[in-house]
Every structure is written in C-alpha cells, then in structure tokens.
Amino acid sequence: MNSPSDNNSTVVQKPLMEVTEKDAYKEKLIAFVNPKSGGLQGQVVFEQLRAQIGEENVYDLIKDHGPQRGLKENQNEKNLRIIACGGDGTVGWVLSALDASQMQYMDFISVGVIPLGTGNDMARFLGWGVGYRGEALAPVIQSLAISEARLLDRWNIEIQSTAHTGIATLKIPQSVFNNYLSFGADAQIALDFHEKRNASPRRYANRVFNKLAYGCISCNTFFDRQYLFGNIANFFELHVDGRNMDEDLFHFRPDAILILNIASYAAGTNPWQGTYDNLWCAQSQADDDRFREQSCSDGYLEIIGFKHFELARIRLGRRGHRIAQGNEIKLTIRRDLPMEIDGEPFLLGPCQITITRKNQARMIITDRSQAAQQIQSKRV
C-alpha cells in the first residue's frame, strides 16, 4: 500500500492523537480490524494500531463478532472517525453495522480504510492504496485522522421471487452495496475462483498465484457458451428510471452487465471512463453527450455492458459499452445467473430486483484520490 503522505515520520509508541496536527484532537479515532484479511497482515495491522491509537480503541471483528461492541462503546462521540481494516467486505460490514446502530451523531461519523488482501476497490477509489505490504502505519493513521471526508451513495437491493427452480439461491450475501453489482461472465469467473479458493485455501494464499489462477479461469470461460455471444440478453430484462432498456441490450448483446457506484472495479479499473474502442463497440462515441459526469454522491448509478474479451481490455485503459445512468433500477432475471455484490459472487435464481438509494456515508479520502476529483453532491 502506498502511503498517502510523503512524511517519513517513524512509529511512535504513545497514542497518535497526541502527535498529530493541531486540529486532530477534535476527532476520536477507533479501528475495526478483520485479522483474517490479507493472510497474516491483519494481525500485524492490529498490533500496530494498538500501539498508535491505544488498545481500547482497536477492535477485533472476529473475536467481537462484528463492529457492534465498538460502536456501542463510542455511540456518544461527536466527531468519530472509524478505520475499517480489511477488504471491501469489511468496509461494507462496518457501514451496515452503522445503519443498525444507535449512534447519536451519525452525520458526523467518517469511515476510512486500511486495505488488506487483494481487490480493495473502495480503498483504491478513496486513495488509500492497493493493499498493506508491511510498512509503518503512523503516517497513514495521521492522514486518516485529519483528511477530508466525502459523501458516498449506498444502495438498497430488494429481491422478489418469481418461478424458482434449480440449485441457485434467492438469498443474497448483503442487501446493500457500496461498490458495484455485476451479472454474467465476470461474475461467473469470480464465482469459479471463489469456489476453488474455498476448496483449497492454503493453495490460494499467495497474491501472485491468485492473479495467475484468476487469469486461467477467465480463459476457460471462453469455452462456456452460456456466457458468450450475448446470451445473457435472452434472460435479462432491464428498466432504468421507468425506461425499458431491452432494445439496447439486444442491440449490443453483452456477455456481462455491471452496475457501478464508484470509479473502481476489478481491482482498480474504471470501465465507465477510459478510451472508447470503435473497432469492437457498436455505439457512437458522440452518444456520450447524453450522460452526466460520474459521481459517487449524485444519486445515480452507471450501467455498463461488456463483451467477454473486453473484460481484459479494460485493464489496458479501454471502457465498456455505456447503457444508461439512473437512480431506480429494476431487473427481471428469468433463469439462474451468476451475480457479484462488492466482490461476493454467487448463483442467483429467477427473480425481480429493485435497486434504490438507501442513504449516504461519509468516507475519508486523500487529496489525489478519484473520489476527490468527482463532483460532490449534497447530503440527502
């Protein structure tokens, strides 16, 4: 993880709140650590944080069975800053616990991230790096204590059952998402990788091996016809703010559909922006005039389609096919379909999905982050 500060300060042994800049005393800093994230890195971060901000301010998410204990002990703090230490799932865990908490000063709570493991799209978007690699955390903690916060839209997912058959489930890992939803080929790749890693966790403990394995699985899906040749359009119905988008789906016939909230997907790419590839894409680049500027706080989601080969090309700065933007999205899925929510893949059965904005969270950002470059909307 690249430090957001150029300060070469060394690790101090007393609580960091005594040595930060003059305004930092206004903020109470606590941390939630998922020690299972990033292999053994979670435990290293846990110990560093205890030395920096005090043992009483650092909570073990596994031992405490979630963030509830830490939130209850700090429910009356006026300017609380929370550090979520883990992957995107850990960030979502903390934000969902805040939804259910009785925090007295909810509008003044801010959440930052120390990323562990791989992926970490939220941390990348907020500017806190790609993943912890063993460096001293003092400069990072100091930045988290004093940096600016921006609003982040959070989205509710409502599932209604239709004719349900087969082995798929209608139970989703979480009913709120912060990063993205995806359907089709990319979700199938993530699901295959997830199942292999769960079957042999020790084999998939190395970050480089994981990337190679993920690439091999991606290549294998080229031979699975159910996720090629735009077949997803035959079983997928999309409405955006009351508009039927079926014509767009059948015209482009994507192999994957992505609903994006932040400007980071698949470990740091932004498929809504990037260079347009007229060689492969049917839509004219002039059509970009009908879309608004991307923002994580404007109450709009970006909907993007991909051909299978484009899932690799977006890592080279290309982008997908822009389908629509909207604040109420309804989907009808007519057969079992792989789906991914903020990095959690699973197989979803036939159903109807309604997506609407739930609330907004205050997220701590760095000055050079993608979040800092976006237009900031007002709190709803």
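1. Asp241 lies in the loop between β8 (236–240) and β9 (243–244). Helices (H or I, at least four residues) and strands (E, at least two) are DSSP runs, numbered from the N terminus. Phi of Asp241 is near 50°, a positive value in a residue other than glycine. Asp241 is partly exposed, at 33% relative accessibility. Here buried means under 20% relative accessible area, exposed over 50%, and partly exposed in between (1.4 Å probe, protein chains only).

2. A word on the basis. This is a predicted model, in which local features need pLDDT of at least 70 and side-chain atom pairs count only at pLDDT 80 or more, while totals for chains, interfaces and linings use all residues. Residues are numbered from 1 along each chain as its sequence is written, and side-chain values use heavy atoms, with hydrogens and water left out.

3. Arg253 sits in the loop between α8 (246–252) and β10 (256–260). Its phi is near 50°, again a positive value in a residue other than glycine. Arg253 has a relative accessible area of 23%, so it counts as partly exposed.

4. Arg150 belongs to strand β5 (residues 149–161). Is Arg150 buried or exposed? Arg150 has 14% relative accessibility, so it counts as buried.

5. Look next at the surroundings of Arg150. Beyond four places in sequence, Arg150 touches Ala361, Arg362, Met363, Ile365, Ala371, Ala372, Gln374 and Gln376. Contact means heavy atoms within 4.5 Å. The side chains of Arg150 and Glu148 form a polar contact of 3.1 Å. The Arg150 side chain also reaches the backbone oxygen of Ala371 at 3.3 Å. A polar contact is a pair of N or O atoms within 3.5 Å; within protein, one must be able to donate a hydrogen and the other to accept it, and residues adjacent in sequence count only if both atoms are side-chain atoms. C-alpha to C-alpha, Arg150 and Cys296 are 9.1 Å apart in space, yet 146 residues apart in sequence.

6. The largest nonpolar core has 49 residues, of which Leu49, Ile82, Ile114 and Leu126 touch the most other members. This core draws at least three residues from each of domain 1 (28–148 + 365–377) and domain 2 (154–360). Domain bounds come from an automatic or database domain assignment. A nonpolar core is a set of buried Ala, Val, Leu, Ile, Met, Phe, Trp, Tyr and Cys residues joined through side-chain atoms within 4.5 Å.
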